[in-house]
Amino acid sequence: MIKSAVTIALVPQIKSGPWIFWEDLEQSMEKAAAMGFDGIELFTPSADAIDPNQLKELVQKYKLQIAAVGTGAGKVIHGLTLSDPDPKIREKAISFISEMISFGAKFGAPAIIGSMQGNVQPNANREEALTWLAEGLEILGQKAKEASTFLIYEPLNQYETNLINTLGGGRDFIENHRLDNVKLLADLFHMNIEEGSIDQVIREYGAYIGHIHFADSNRKPIGMGHTDMPPIAKAILEINYSGFVSAEAFPFPNSEIAAESTIQAFRKYFR
Ligand SMILES: [Mn+2]
């Protein structure tokens, strides 16, 4: 069964970003649970920012799953990416994400590689950058496997990365580099910019999709933009997707209304 999730960001440096909840972890979890979400997607400054024992207590108290953990803080705070021409920076990026994988795995949650994939830098060439990214994903996919979880790779829109922008590009990358244990994130906001037909692409690459980011065309909660949701929801149901549909959207007009609109949309399309 498809599960609902809502994002909670605890990284002050990204405070203008597309995350529903921003404030206190427990307060946000309490609200998410009261609205009926199945899980939360967490963005923390580092793998040791939250005490795992404390989080275990909260997860039990509010009966929420951890849907996934984001790694973007590694780039935002430390400037680390998997495609940096400097091997020392790539190494640090891998170790930052490895720690996130271990943290998430304590809760059965996969880690997401989004902005930490980086970009082709002006002093690097595209082939090299893609090779570095593949090397990183290979190591991290194995790390995730050892932790009994999987790794999520997110194609981003062209204004956020010049590496891979489409689900098909992500599939080709996984196949060409024989990446094991790496699944794709279908982010409906990025796809609305990059794909010809979102529902067709979801059907075509359904077997590769391990996580879905739920946001409208303008990155506001579903229902507040012009994305034609019914055919997309139909495609998600048709591929027998059983992961999380997670609201990575702006807290518009505020966190509570954004979360409430999201869970209503989720129920409308998936329950
Ligand atoms: Mn996303």
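Two strands count as paired when DSSP finds at least two bridges between them. Keep that in mind for the exercises below, and remember that this is a predicted model.

**Exercise 1. Work out how the strands are arranged, and who stands opposite Ile40.**

Step 1: start with the overall layout. Eight strands close into a barrel, in the order β1-β2-β3-β4-β5-β6-β7-β8, and the pairing is parallel. On average, neighbouring strands of this sheet are turned by 30° against each other, direction ignored.

Step 2: zoom in on β3, which spans residues 65–70. On one side, β2 and β3 run parallel and are joined by five bridges. Ile40 stands opposite Ile66 in β3.

Step 3: go to the other neighbour. Strand β4 (residues 111–113) also runs parallel to β3, and two bridges join them. Gly70 has Ile112 of β4 as its bridge partner.

Step 4: Five of the six residues of β3 are buried, so the rest of the structure largely encloses it.

**Exercise 2. Find the protein donors of the manganese ion and say which parts of the chain Glu154 and His213 tie together.**

Step 1: list the donors. They are Glu154 (OE), Asp187 (OD), His213 (ND1) and Glu248 (OE), at 2.0 to 2.2 Å from the manganese ion.

Step 2: read off the spacing. Along the chain, the donors follow E-x32-D-x25-H-x34-E.

Step 3: Glu154 sits in the loop between β5 (151–153) and α6 (167–176), while His213 belongs to strand β7 (residues 209–213), so together they tie parts that are 59 residues apart in sequence.

Step 4: look at exposure. Buried means under 20% relative accessible area. Glu154 comes out at 3%, which makes it buried, and His213 is buried too, at 1%.

**Exercise 3. Which face of helix α1 is buried, and what does it pack against?**

Step 1: collect the residues. Helix α1 covers residues 25–35, and Leu25, Ser28, Met29, Ala32 and Met35 are buried there.

Step 2: look down the axis. The buried residues of α1 fall within an arc of 130°, so they line one face of the helix.

Step 3: find the partners. The buried residues of α1 pack against β1 (3–9), β2 (39–43), α2 (52–62) and α10 (255–270). As for orientation, α1 lies across β1 and β2, and runs at about 155° to β1.

Step 4: inspect the ends. At the N-terminal end, Asp24 caps α1, with a side-chain oxygen 3.2 Å from the backbone nitrogen of Glu26. Just after α1, Gly36 takes a positive phi of about 100°.

**Exercise 4. Are Ser261 and Ile193 buried or partly exposed?**

Step 1: take Ser261, found in helix α10. Its relative accessibility is 19%, so under the 20% cut-off it counts as buried. Leaving aside neighbours within four places in sequence, Ser261 is in contact with Pro221, Ile222 and Met224.

Step 2: turn to Ile193 in helix α7 (residues 188–194). With a relative accessible area of 32%, Ile193 is partly exposed. Not counting residues up to four places away in sequence, Ile193 touches Asn157, Gln158 and Tyr159.

Step 3: Ile193 and Gly39 are 154 residues apart along the chain, and their C-alpha atoms are separated by 27 Å.

Definitions and conventions:
Residues are numbered from 1 along each chain as its sequence is written. This is a predicted model: local features need pLDDT of at least 70, side-chain atom pairs count only at pLDDT 80 or more; totals for chains, interfaces and linings use all residues. Side-chain values use heavy atoms; hydrogens and water are left out. Donors are N, O and S atoms within 2.8 Å of the metal (3.2 Å for Na, K and Ca); water is not among the atoms, so sites may look incomplete. Helices (H or I, at least four residues) and strands (E, at least two) are DSSP runs, numbered from the N terminus. Buried means under 20% relative accessible area, exposed over 50%, partly exposed in between (1.4 Å probe, protein chains only). The arc is that of the directions from the helix axis to the C-beta atoms. Contact means heavy atoms within 4.5 Å. A polar contact is a pair of N or O atoms within 3.5 Å; within protein, one must be able to donate a hydrogen and the other to accept it, and residues adjacent in sequence count only if both atoms are side-chain atoms. Axes are lines fitted to C-alpha atoms, for helices over the stretch in contact, and angles run from 0 to 180 degrees between N-to-C directions.
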